[in-house]
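Subject: Structure handover

Hi,

Here is the structure I promised to pass on. Please open it alongside these notes.

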Amino acid sequence: MKEKKDITLKETIVDGKAVSPVLPENVKNYLIDIDGTIGEDIPNEEPERMLTAKVYPDALKVCNKWYDEGHRICFFTSRTEAHREYTETWLKKHGFKYHSLLMGKPRGGNYHWIDNHMVKATRYNGKFTDLVEKEVMIEVFDDGSHD
């Protein structure tokens, strides 16, 4: 099946060759966890609870606002493909707007994402709001320069 072309993606050429396209600078690509972030934390071992999990109203409001502003919303969850139907039903029931749903994120946390694109990480800590800028220490690859 051919992937549907995303019209928000801009073709990118480096050294005369096409590379992975990028979003416009003003469009964010949000990857958002489900369990314990936008709703009640339900373990994969108890999928029957997924349909009745409580939604976090502040998360619904902010995620839908970001969607309406033109940002990309992708829910990225440790739930398995077997839980996709429950998950889509729950998202629809509560009115979440989103572009995609990725299943099978590794479980256990302590994520360290390595990518050739800019990545910003925000840990959910009990309150879902608009994001604010804050200076923090990060780990980066040693490129030989030490600022």
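What follows is a short tour, from the overall layout down to single residues.

**Ground rules**

This is a predicted model, in which local features need pLDDT of at least 70 and side-chain atom pairs count only at pLDDT 80 or more, while totals for chains, interfaces and linings use all residues. Residues are numbered from 1 along each chain as its sequence is written, and side-chain values use heavy atoms, with hydrogens and water left out.

**Overall layout**

The protein chain has 2 helices and 5 strands. Helices (H or I, at least four residues) and strands (E, at least two) are DSSP runs, numbered from the N terminus. Read from that end, the order is β-β-β-α-β-α-β. The C-alpha atoms fill a box of roughly 50 × 40 × 30 Å along the principal axes. Of the 147 residues, 24% count as buried. Buried means under 20% relative accessible area, exposed over 50%, and partly exposed in between, with a 1.4 Å probe and protein chains only. Contact means heavy atoms within 4.5 Å. Among contacts between residues at least 6 apart in sequence, 67% join residues at least 24 apart.

**The hairpin**

Strands β1 and β2 run antiparallel and are joined by 4 bridges. Two strands pair if DSSP finds at least two bridges between them. I13 stands opposite A18 in β2. The two strands form a hairpin with 2 residues between them. D15 sits in that loop, between β1 (10–14) and β2 (17–22). Its phi is positive, near 55°, and D15 is not a glycine. Most residues other than glycine have a negative phi. D15 counts as exposed because its relative accessibility is 77%.

N110 also deserves a look. Its phi is near 55°, again positive in a residue other than glycine. N110 lies in the segment after β5 (100–102). With 80% relative accessibility, N110 counts as exposed.

**The parallel strands**

β3 (residues 29–32) pairs with β4 (residues 72–76) in the parallel sense, over 4 bridges. L31 stands opposite C74 in β4. β4 and β5 also run parallel, joined by 3 bridges. Here C74 stands opposite S100 in β5.

β3, helix α1 (residues 57–68) and β4 make a right-handed β-α-β unit. From β4 the chain crosses through helix α2 (residues 84–94) to β5, and this β-α-β crossover is right-handed. A crossover is right-handed if, with the strands pointing away from the viewer, the path from the first strand over the helix to the second runs clockwise.

**Helix α1**

The 12 residues of α1 should span 16 Å at 1.5 Å a residue, and its end C-alpha atoms are 16 Å apart, which agrees. The expected span is 1.5 Å times one less than the number of residues. In α1, A59, V62, C63, N64 and W66 are buried. The cover over these buried residues includes β3 and β4. G70 follows the helix, with a positive phi near 100°.

Which residues does N64 touch, not counting those up to four places away in sequence? They are G95, F96 and K97. N64 is in helix α1. N64 counts as buried because its relative accessible area is 13%. A polar atom of its side chain lies 2.8 Å from the backbone nitrogen of K97. A polar contact is a pair of N or O atoms within 3.5 Å; within protein, one must be able to donate a hydrogen and the other to accept it, and residues adjacent in sequence count only if both atoms are side-chain atoms.

**The core**

The largest nonpolar core has 19 residues, of which I32, I38, F75 and F128 touch the most other members. β3, α1, β4 and α2 each supply at least two of its residues. α1 gives the most, with 4 residues. A nonpolar core is a set of buried Ala, Val, Leu, Ile, Met, Phe, Trp, Tyr and Cys residues joined through side-chain atoms within 4.5 Å. In soluble globular proteins, nonpolar side chains tend to be buried together.

Take I32 as the example. Leaving aside neighbours within four places in sequence, I32 is in contact with T37, I38, C63, W66, I73, C74, F75, F76 and F128.

Best wishes
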